[in-house]
Each structure stands twice: as C-alpha cells, then as structure tokens.
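This report describes one protein structure for a reader who is new to the subject. Please look at the sequence and the model before reading on.

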Amino acid sequence: LGTDASHGGDYTGVEPMGLFWSLAPAGMEKPYQRFVPRSTGAPMKVEVLVHQGHSPPGAMPGPVVAKAEVQRLFTAPGVRRIRLKEGVVRGSLFLPPGDGPFPGVIDMYGDEGGLIEFRSSLLATHGFAALSLPYFDFEDLPRVMKELKLEYFEEAARFLQRHPKVKGPGVGVIGTGKGAELALSMITFLPEVVAAVSISGCSSNTIADLRYGEMTLPGLRFDMNKVSVSDTGVFDIFEALDDPTNPANSPCVIPIEKAEGHFLLVVGEDDRMWKSSLYAELAIRRLRQHGKENFELLSYPGAGHRIDPPSTPFCQVAMDRVLGVPVLGGGESKAHAHAQEHSWGKIQEFLHLHLG
C-alpha cells in the first residue's frame with residue numbers, strides 16, 4: 001500500500017493507511033456511526049480480505065484469495081492507565097514508561113460527553129503524561145452540560161501540575177470542539193496552563209455558561225430556526241450558532257489576550273459543524289490587537305470538523321449525541337486524513353516546545 005496506487009474504491013492513489021481512514025459502516029450497519037476506540041488497553045483488530053475480481057458496491061464479492069489480521073495499538077507497552085477520583089476531578093491519567101518527569105497535558109473532547117481516552121493514551125505513548133478529562137455525563141459528574149465551573153478544570157490542572165511524574169512548571173491542554181473552547185478559557189484564566197491546542201474551537205464561550213468565582217462568561221446559543229435538513233435527513237447546523245461578532249454577544253468572548261502562554265489553533269476549512277476558520281481569525285485578530293504573536297495557526301483545505309489522531313476513519317456525517325440526529329461535519333476523506341496526519345506531528349512538536 002505504500003508503493004502501489006489504488007485505482008478505485010473508497011480512495012485512490014498511493015495511501016499507506018488508506019484502508020483505515022476510508023473505513024465506513026457496511027450497508028447492514030447503522031449509518032453515521034463514528035468509529036472511536038472504546039478501550040485503549042486492547043489492540044484494535046482489523047481483518048483484511050482480498051477477493052478474486054472486482055466487486056461493485058452492494059454486490060457479493062468473489063472468493064477470498066488472501067487474508068491478514070492487522071492490530072492497531074493505542075497504548076505502547078509500559079504505558080500505565082490510572083483511573084482518577086481526585087477531589088471532584090474524574091478521568092484517566094496515562095503515564096509513559098520510565099521514571100520521567102514528563103510534560104503534562106490535559107485532553108478534552110466536545111459535547112458528546114463521557115470519557116474519551118484514545119488520544120490521551122496515544123499522547124502517553126509519545127512521551128506525555130496525559131489526563132483524559134471528562135466534564136459531564138460520566139460517573140458522578142452532571143448528566144448534561146447546563147453550566148460549567150472553571151474551578152473543576154483548575155483543580156485538574158493543579159493535580160496534574162503537582163504530580164510527581166509531571167515536569168512542570170506549567171501544563172498544556174488540548175481540546176476538540178467544546179473542549180477546544182474550554183482549553184482557551186483555561187489558558188486565559190489559569191496560570192498553571194501555559195500551552196493550549198484548540199482543534200475546531202470557537203473564540204467565544206458557547207452553549208453552557210462558564211463560571212469562575214464571581215465571573216460569568218455566558219454561552220452563545222444555537223438558533224434551531226437556522227438549521228437546514230437535507231432530503232436524506234442530515235442536519236446542517238453551520239449557520240445556527242449566534243454570531244460572535246455581534247456586539248450584543250461580546251460578553252461571551254474569551255479574553256485570550258490575558259493569556260501568558262502559547263496557542264496552537266487547528267481548523268478544517270470545510271468544517272460544517274460551525275465556522276471554526278472564522279473563529280480562529282477572530283482569535284488571532286484579538287491577540288494581534290493587543291500586540292501578541294503567541295500563536296500558530298494550522299488551517300487545512302478540505303478538512304472537516306473533528307480532526308483526530310491519524311488514520312481514524314473519516315466521518316463526514318455523524319449522529320449527534322445531544323440532538324439524536326445525523327449532523328454534517330464537513331470535509332473530504334483524503335484531505336481530512338492528510339490534515340489528521342500532519343496536525344498530529346505539529347501538535348506534539350508544539351507541546352514539547354512549550355512544555356519541555
């Protein structure tokens with residue numbers, strides 16, 4: 001696959017990992033399901049079959065002429081996973097093998113809630129002490145995301161910063177979607193956080209109000225009247241979020257110019273979940289207005305909303321956990337796959353640079 005081009009099917013050209021990033025649900029499976037590893041401890045086993053002849057979609061394939069099993073590991077040998085109940089903080093801490101100390105990173109996902117561990121385990125495999133941090137719909141955390149308190153995230157940052165295996169003096173944070181926007185708030189208000197990776201995030205607080213002591217950042221809301229639905233029942237919510245540039249919504253803006261640390265903004269230019277390219281522009285404009293150049297931007301043509309570690313299957317439309325309907329995430333499979341591969345290396349470089 002690293003030398004021979006595919007001439008048709010789910011991808012074309014020389015793509016060593018094309019069989020993996022182009023994976024999609026079979027016809028008899030539920031459509032629009034995102035393929036995310038549930039367990040990081042066991043390898044993901046993928047059976048590859050080669051059939052005689054060429055089968056058009058939906059046809060019965062010819063006889064099997066060769067087969068092999070490939071195992072994809074999300075945790076290197078020696079990586080330790082520690083389930084966390086530390087004060088109010090919940091989650092999983094992944095530690096690389098060896099004595100350390102290691103650069104510490106908090107890892108968060110979006111409004112799907114729960115505990116998502118595979119990026120944290122991969123970060124630990126690459127030498128980071130990574131805390132996978134849920135913030136609702138997990139154990140005794142709130143079931144729904146109505147209101148968030150930054151003190152919860154502060155306690156997580158302090159726990160990680162003080163851990164004997166963590167290098168310090170500061171920690172980093174990486175987030176996708178709602179998690180990205182929380183990463184921006186953390187580096188803005190918490191001195192423990194010195195580096196933030198925002199993947200497809202918004203430069204304003206959204207959905208749930210964010211409280212920190214006496215301060216409240218209200219959340220931008222979604223206007224369901226601005227949602228369009230395709231003939232196949234796919235929801236397009238691209239225009240639905242309140243406009244962050246409207247002066248009436250200025251209280252929602254995260255004052256990132258207060259941050260002393262460094263930002264890495266990662267966006268797909270074909271993100272259809274919301275206008276993450278615009279939000280990155282607004283963030284950069286705000287920083288520059290205050291004389292700051294403490295940011296890098298990775299902007300990928302043809303990439304959609306959820307830019308995960310490399311070779312995770314592309315999912316243009318996925319079921320939304322909150323709405324319970326398929327929502328358009330945007331992107332084109334090959335461009336998105338290349339964005340995932342390139343950004344993953346750059347994210348690690350950025351975190352090592354600013355965390356040691």
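## A buried strand

From strand S5, Gly-104, Ile-106 and Met-108 point one way and Val-105 and Asp-107 point the other, and all are buried. Strands (E, at least two residues) and helices (H or I, at least four residues) are DSSP runs numbered from the N terminus. Buried means under 20% relative accessible area, exposed over 50%, and partly exposed in between, with a 1.4 Å probe and protein chains only. Five of the five residues of S5 are buried, so S5 is largely enclosed by the rest of the structure.

The model is predicted: local features need pLDDT of at least 70, side-chain atom pairs count only at pLDDT 80 or more, and totals for chains, interfaces and linings use all residues. Residues are numbered from 1 along each chain as its sequence is written, and side-chain values use heavy atoms, leaving out hydrogens and water.

## The sheet

Strands of a sheet pair through backbone hydrogen bonds, either parallel or antiparallel. Here eight strands form an open sheet with mixed pairing, in the order S3-S4-S6-S5-S8-S9-S14-S15. Strand S3 (80–86) and strand S15 (295–300) stand at the edges with a single partner strand each, so one side of each has no neighbour in the sheet. From one strand to the next, the twist averages 20°, an angle between N-to-C directions (0 to 180 degrees) of axes fitted as lines to C-alpha atoms.

Two strands count as paired if DSSP finds at least two bridges between them. S5 (residues 104–108) and S6 (residues 129–132) pair in the parallel sense over four bridges. In S6, Ala-129 is the bridge partner of Gly-104, and Ser-132 is that of Asp-107.

## Salt bridges

A salt bridge is a side-chain nitrogen of Lys or Arg within 4 Å of a carboxyl oxygen of Asp or Glu. By this rule the count is 20.

Glu-139 forms a salt bridge with Arg-83, with the closest N and O atoms 2.6 Å apart. Glu-139 lies in the loop between S6 and strand S7 (147–149) and Arg-83 in strand S3, so the pair ties together parts 56 residues apart in sequence. Glu-139 also forms a salt bridge with Arg-90, where the closest N and O atoms are 3.9 Å apart. Arg-90 is in strand S4 (residues 89–95), so this pair ties together parts 49 residues apart in sequence. Arg-90 is buried, at 7% relative accessible area, whereas Glu-139 is partly exposed at 36%.
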